[in-house]
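Let us walk through this structure, starting at the ligand and moving on to the nonpolar cores.

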Amino acid sequence: MGNPIIQFERWWQAALADSPLQQKNAVCVSTIDENGFPSGRFVDLKAVSDTGFVFCTYFDSAKGRHISQQPKTAMTIWWDHVGYQIRIVGVTHLISDAEADYFWQSRSRSAQLTTTAFSQSEPLNSEHELSTRLEESSAHYADRPVPRPKNWGGYRIKPISIEFLTFRESRLHLRELFEIKGDGWVKQLLQP
Ligand SMILES: Cc1cc2nc3c(=O)[nH]c(=O)nc-3n(C[C@H](O)[C@H](O)[C@H](O)COP(=O)(O)O)c2cc1C
């Protein structure tokens with residue numbers, strides 16, 4: 001019936017090739033808040049494998065709090081230049097510390113300093129505080145590596161369904177829905 005992870009990897013590579021996007025790996029992750037409302041925001045997609053879709057963030061951000069209460073999560077992608085939409089639904093788990101360390105090390109020093117300087121999703125007193133906090137963080141770690149903050153790491157969405165939509169100007173979009181049934185994936189086409 002096909003493997004949607006292999007199809008995803010193929011589409012991701014196609015989207016990355018000659019991509020006109022500045023933020024090439026931005027994908028929308030939707031969580032469910034404490035009142036049951038959906039809450040979406042863009043994050044960078046870090047990795048994909050049979051075990052799921054990985055993104056990195058702060059555990060105590062709004063999204064991190066949502067996931068700890070309700071791990072049901074969605075990821076939505078639109079790559080305009082190739083006409084691909086992908087919708088993923090799944091259950092989210094923390095990645096290991098070793099994996100989080102790997103992704104932390106792959107970040108630039110300036111990204112590490114910025115991450116370290118802030119408590120994501122907490123109120124900010126003024127725009128000026130953006131630069132003062134970053135200066136403090138830079139001074140604190142001058143001449144030494146920036147360690148991964150204890151409250152920063154990654155999540156992996158283990159998919160239960162993945163839908164691929166090939167956009168067509170005719171509106172005869174091809175929709176291919178893969179759902180986990182028993183041990184494997186079952187594919188079903190959907191009307192546009
Ligand atoms: C293109 C783009 C990429 C982003 N990548 C990330 C990311 O990888 N991790 C992250 O925590 N926030 C990322 N952000 C910021 C999030 O969209 C969001 O503002 C932040 O994570 C706080 O969300 P929350 O308050 O719902 O937890 C990105 C924003 C944009 C526009």
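S2 gives the largest share of the shell around the ligand, four residues. Strand S2 (38-49), strand S3 (52-58) and helix H2 (62-69) each supply at least two shell residues; helices (H or I, at least four residues) and strands (E, at least two) are DSSP runs, numbered from the N terminus. The model is predicted: local features need pLDDT of at least 70, side-chain atom pairs count only at pLDDT 80 or more, and totals for chains, interfaces and linings use all residues. Residues are numbered from 1 along each chain as its sequence is written, and side-chain values use heavy atoms, with hydrogens and water left out.

In total, 13 residues surround the ligand, each with a heavy atom within 4 Å of it. Arg41, Phe42, Thr57, Lys63 and Ser121 are the closest.

One lies 2.6 Å from a side-chain N or O atom of threonine 57. A polar side-chain atom of glutamine 120 is 3.0 Å from a ligand oxygen. A polar backbone atom of aspartate 44 also lies 3.0 Å from a ligand oxygen.

The largest nonpolar core has 25 residues. Such a core joins buried Ala, Val, Leu, Ile, Met, Phe, Trp, Tyr and Cys residues through side-chain atoms within 4.5 Å; buried means under 20% relative accessible area (1.4 Å probe, protein chains only). Phe8, Phe53, Met75, Trp79 and Ile86 touch the most other members. H1 gives the most to this core, five residues. A second, separate core of 13 residues includes Tyr58, Trp104, Ala117 and Val146.

Note on methods
Polar contact = N/O pair within 3.5 Å; in protein donor to acceptor, adjacent residues only side chain to side chain. Buried < 20%, exposed > 50% of the residue type's maximum accessible area, 1.4 Å probe, protein only.
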